[in-house]
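Subject: Structure handover

Hello,

Here is the structure I promised to pass on. Please open it first, then read the notes below.

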Amino acid sequence: METNQHPGESRRRVGSAASIVVSAGVVAGAIDLAFNTVKAINAGTSVLRPWKGVAAALLGKDAVMQGGDAMALIGVGLHFLITIGAAAIYYLVAKRQGWLVRHAFLSGLVFGTIFFLAMNYVILP
């Protein structure tokens, strides 16, 4: 069985997929970071509070309380890891379900909304 791939083409495709996933995850994470920052400011709480909450989900509330404000950095890192992971899941599903690509705006909006609701009301209530 002969293929028409040139040497290195597969690596370029994987690199391209990785950059798409990371870019999408970082953009989604930045939008959510801005949303939660504004939400904290409007609530009159510290802008670090949401990110300490993310860290607390992994490390526990006591560890975050003892770790202080530095724990917010861990929370932000986890936040971006989660959004990049979500972008990877969407990418992998979209490769197999062509309608997600054909209706990218609508399917992305639905996926993002479901992901937002799951994170805010199920995983990190």
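Start with the second largest pocket: helix 2 and helix 3 (61-67) each supply at least two residues of its lining. Helices here are DSSP runs (H or I, at least four residues), numbered from the N terminus. A pocket is found on a 1 Å grid over the protein atoms alone, as an open set of points where a 1.4 Å probe fits, with protein on both sides within 12 Å along at least five of seven lines. Lining residues have an atom within 4 Å of a point.

Two notes on the source. This is a predicted model, where local features need pLDDT of at least 70 and side-chain atom pairs count only at pLDDT 80 or more, while totals for chains, interfaces and linings use all residues. Residues are numbered from 1 along each chain as its sequence is written, and side-chain values use heavy atoms, with hydrogens and water left out.

Back to that pocket. The second largest pocket has a volume of about 200 Å³, a volume being the space filled by probe spheres set on the grid points. Helix 2 gives the largest share of its lining, four residues. The lining includes Arg 49, Lys 52, Lys 61 and Asp 69. By class, the lining has four nonpolar, two polar and four charged residues. (Ala, Val, Leu, Ile, Met, Phe, Trp, Tyr, Cys and Pro count as nonpolar; Asp, Glu, Lys and Arg as charged; the others, Gly among them, as polar.)

Now the largest pocket. Its volume is about 1,200 Å³. It is lined by 36 residues, and the closest to its centre are Asp 32, Asn 36, His 79, Phe 116 and Asn 120. Helix 1 (9-43), helix 2 (49-59), helix 4 and helix 6 each give two or more residues to this lining. The largest share, eleven residues, comes from helix 1. The classes are 23 nonpolar, ten polar and three charged.

Next, the helix packing. Helix 2 and helix 4 have axes 7 Å apart and pack at about 80 degrees. Axes are lines fitted to C-alpha atoms over the stretch in contact, and angles run from 0 to 180 degrees between N-to-C directions. That angle makes helix 2 roughly perpendicular (65 to 115 degrees) to helix 4. The contact (heavy atoms within 4.5 Å) includes Trp 51 and Leu 58 of helix 2 and Met 71 and His 79 of helix 4. It has ten nonpolar, two polar and one charged residues.

Last, helix 4 (residues 70-96) and helix 6 (residues 104-123): their axes come within 12 Å and cross at roughly 140 degrees. Residues in this contact include Tyr 90 of helix 4 and Phe 111 of helix 6.

Best wishes

Notes
Angles under 35 degrees count as roughly parallel, over 145 as roughly antiparallel, 65 to 115 as roughly perpendicular and the rest as oblique.
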